[in-house]
Amino acid sequence: MHILIGIAGLAVFLSLAFLPSRDVRLLRVKAPYIGLMLVVQFLLGLLMLKTSLGQSAVNGLADGFGKLLEYAGEGTSFVFGGLADPDAEGNVPFLLSVLMPIIFVSALIGILQYLRVLPLIVKYLGIALSKVTGAGRLESFNAVSAAILGQSESFIAIKTLLPTLTPKRLYMLSASAMSTVSMSIVGAYMTMIEPRYVVAAIVLNLFGGFIVVWLLNPYELTPEEDVVVTPARKKKTFFEMLGEYILDGAKVAVTVAAMLIGFVALIALINGIVSGLTGGTSFQDLLGYVFAPLAFLTGVPWDECVDAGQIMATKLVSNEFVAMLAFTDSNPGGKIELSERTTAIVQTFLVSFANFSSIGIIAGAVKSLSPEHGDQIARFGLKLVYGATLVSFISATIVGLIS
């Protein structure tokens, strides 16, 4: 039964992506690519989650990140001493166990950048991706770059081309940045939710971003427009680069910590106010009821739809870290237990930057490089969240179908 519901849900989410544009002519042009990407998503999902080879690869990746987190713990323990040691129940403060390792992973990314390993990966993955998606080389390059470097950093790599971009191309680049996540925080995700769904979501969202944009915001390129020009970078010494990436990682960790403190406290306040006015129904309960039908369309059993909808909605109105807390002992209301398929669907949904706060992050990053285009992103911000959220729903539905 859940397969029929999932197929219907996939049709609904694709239709919701198409409704704002209703461009039938370009749909005919893009339809073969959309169909191919959906097939690729299903095949990759099956490979990663249902085959021994895929599961071994994902487990190996998770083990690799686990080792990196152990090494990161050495640095954390040196600075924070006994605070970083597990308590009687085996717990370590969230800031130290989840957020501090971001600094170490960021340093490793900097080293791979300096050695020119990541630029080669981004370049050739981008070329391969463009063959499947039917997108321009710049769009494909940016999608891979955003998935590795992050939503803000990906725009720095194409800053010389920003003044030449049309609004539709700018939307595509922004949607890719909002639908993916940065490698620097993947390890943090893996300490909160199951690593296999983190990996699955990253891969599926990479294609899902193009599927949604070809329905929501289709366009065509001329050969003259399909160019990629990467900016010349000022040569830095190894230790200059390393210090810069370590500080960037620290900024990310502190920013995430600040947002968690603010959002968790605000949600608790709103929950208290709404609960007082409604006689016990919290704000998150209300969000759960609103999102329950959407959760049902992804394949979540109806008796779990409110709980799943709460977590999905929390991610949209705050960020993915706040929502992921639901699966940890750090959750203010206690760890939420869901069935295996529902867990797969919800955790896949959570792995992206699709939330309202990302509008400001992306618009701010672009504005610092091109003020006019930053303002343009702010103007279509709600459409951006709408599209990126549909990407998450499509990926979650596919995982629900094969779980």
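Mentor: Tryptophan 214 and tyrosine 219 are both buried. Buried means under 20% relative accessible area; exposed is over 50% and partly exposed lies in between, with a 1.4 Å probe and protein chains only. This is a predicted model, where local features need pLDDT of at least 70, side-chain atom pairs count only at pLDDT 80 or more, and totals for chains, interfaces and linings use all residues. Residues are numbered from 1 along each chain as its sequence is written, and side-chain values use heavy atoms, with hydrogens and water left out.

The structure holds nine aromatic pairs. Tryptophan 214 and tyrosine 219 form an edge-to-face one, 5.4 Å centre to centre with 65° between the planes. The rule: rings of Phe, Tyr and Trp (its six-membered ring) pair if their centres lie within 6.5 Å; planes under 30 degrees apart are stacked, over 60 edge-to-face, the rest tilted.

Now take phenylalanine 291 and phenylalanine 393. Their ring centres are 6.4 Å apart and their planes at 25°, so this pair is stacked. It links distant parts of the chain: phenylalanine 291 sits in helix α13 (residues 283-297) and phenylalanine 393 in helix α19 (residues 381-402), 102 residues apart. Helices (H or I, at least four residues) and strands (E, at least two) are DSSP runs, numbered from the N terminus. Phenylalanine 291 and phenylalanine 393 are both buried. Together with Phe13 and Phe349, they form one aromatic cluster.

Go back to tryptophan 214. The charged end of lysine 30 sits over its ring, 3.8 Å from the centre. Lysine 383 lies over the face of tyrosine 171, at 5.1 Å from the ring centre. The test is NZ of Lys or CZ of Arg within 6 Å of the ring centre and within 35 degrees of the ring normal.

Next, the charged pairs. A search of the whole structure finds six salt bridges, each a side-chain nitrogen of Lys or Arg within 4 Å of a carboxyl oxygen of Asp or Glu. One joins glutamate 220 to arginine 25, with the closest N and O atoms 3.5 Å apart. Glutamate 220 lies in the loop between α11 and α12 (238-278) and arginine 25 in helix α2 (residues 24-50), so the pair ties together parts 195 residues apart in sequence. Glutamate 220 has 43% relative accessibility, so it counts as partly exposed.

Arginine 169 and glutamate 139 meet in another, at 2.8 Å, N to O. This pair also links distant parts of the chain, from helix α9 (residues 167-179) to helix α7 (residues 137-149), 30 residues apart. Arginine 169 is buried at 5% relative accessibility. Glutamate 139 is buried too, at 0%.

Last, the nonpolar background. The largest nonpolar core has 125 residues, and those with the most contacts inside it are Leu99, Tyr189, Phe321 and Val351. Its largest share, 16 residues, comes from helix α11 (residues 195-216). Such a core is a set of buried Ala, Val, Leu, Ile, Met, Phe, Trp, Tyr and Cys residues joined through side-chain atoms within 4.5 Å. Beyond four places in sequence, valine 351 touches residues including Tyr189, Tyr197, Ile202 and Met324. Contact here means heavy atoms within 4.5 Å.

The whole protein has 19 helices and zero strands. Buried residues make up 51% of its 403 residues.
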